[in-house]
Amino acid sequence: MTNDRRDGRESILPSDWRPDRFATLIYLIREDEVLLIEKLRGHGAGKVNAPGGHIEVGETPEECAIREAFEEVGITVLSAELRASLKFHDTENGFNMLGYALVSKTFSGEPRSTPEADPFWSKIDQIPFERMWEDDQHWVPRILAGETLDCEFVFANDVLQTLNIERILN
């Protein structure tokens with residue numbers, strides 16, 4: 001069930017894994033806080049996450065993250081840095097997604113609630129991981145601390161089974 005990554009490291013994903021959806025998350029940081037959302041609808045409704053959403057045709061991950069931050073919480077992001085690629089595979093429900101996590105410290109505006117999300121600021125050392133996707137605790141603190149990661153996650157009916165996280169040295 002494994003394959004090789006481009007750099008020769010072994011993958012935990014099936015050899016025929018192909019994403020059927022592409023999405024972003026953007027973590028907005030101010031001092032010792034990060035902007036999170038209570039997801040109100042769509043994939044992950046009821047969970048805490050970062051603003052984000054599906055990449056539109058012709059859009060880069062950065063463009064998507066910037067657009068989604070404005071649409072979901074009314075924040076204008078001036079620049080964003082790609083910090084992680086996130087490959088998700090669910091063995092039971094056929095979910096295969098390639099996601100990108102970005103971080104920004106340069107933005108303007110005050111977050112506002114929308115039908116999609118209810119935003120709130122969280123101290124970085126008090127992120128409510130118990131209300132988030134199970135994998136988040138393994139990689140979110142690392143990207144917020146400045147690391148760049150290549151991540152693979154295998155789930156069974158939304159329950160994390162195994163993971164592989166590699167730090168990318170810049």
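Accessible areas come from the Shrake-Rupley method with a 1.4 Å probe, and for residues only the protein chains shown count as cover. On that basis the protein exposes about 8,700 Å², of which carbon and sulfur atoms supply 48%. The structure is a predicted model, in which local features need pLDDT of at least 70 and side-chain atom pairs count only at pLDDT 80 or more, while totals for chains, interfaces and linings use all residues. Residues are numbered from 1 along each chain as its sequence is written, and side-chain values use heavy atoms, with hydrogens and water left out.

**Overall architecture**

- The protein contains two helices and eleven strands; helices (H or I, at least four residues) and strands (E, at least two) are DSSP runs, numbered from the N terminus.
- The order of elements from the N terminus is β-β-β-β-β-β-α-β-β-β-α-β-β.
- The radius of gyration is 15 Å, close to the 15 Å that the globule rule gives for 170 residues, so the protein is as compact as a globular protein of that length. This radius is taken over C-alpha atoms, and the rule is 2.2 Å times the number of residues to the power 0.38.
- Of the 170 residues, 49% are buried, where buried means under 20% relative accessible area (1.4 Å probe, protein chains only).

**Nonpolar cores**

- A nonpolar core is a set of buried Ala, Val, Leu, Ile, Met, Phe, Trp, Tyr and Cys residues joined through side-chain atoms within 4.5 Å.
- The largest such core has 27 residues, and Tyr27, Leu86, Trp139, Ile143, Leu144 and Phe153 have the most contacts inside it.
- Elements that each supply at least two residues of this core include strand 3 (21-30), strand 7 (76-90) and helix 2 (136-144).
- Trp139 touches Leu25, Tyr27, Leu86, Ala101, Leu149, Cys151, Phe153 and Ile165, leaving aside residues up to four places away in sequence; contact means heavy atoms within 4.5 Å.
- Another core, of 17 residues, lies apart from the largest one and has Leu13, Ile26, Ala69 and Leu102 among its members.

**Strand 3 and its partners**

- Seven of the ten residues of strand 3 are buried, so this strand is largely enclosed by the rest of the structure.
- Strand 3 runs parallel to strand 8, joined by eight bridges; two strands pair if DSSP finds at least two bridges between them. Ala23 has Gly99 of strand 8 as its bridge partner.
- With strand 6 (residues 52-54), strand 3 forms three bridges in the antiparallel sense, and Leu25 stands opposite Gly52.
- Strand 4 is also antiparallel to strand 3, through three bridges, with Arg30 partnered by Glu33.
- Two residues separate the strands in the hairpin of strand 3 and strand 4, where Glu31 takes a positive phi near 50 degrees.

Notes. Buried means under 20% relative accessible area, exposed over 50%, partly exposed in between (1.4 Å probe, protein chains only).
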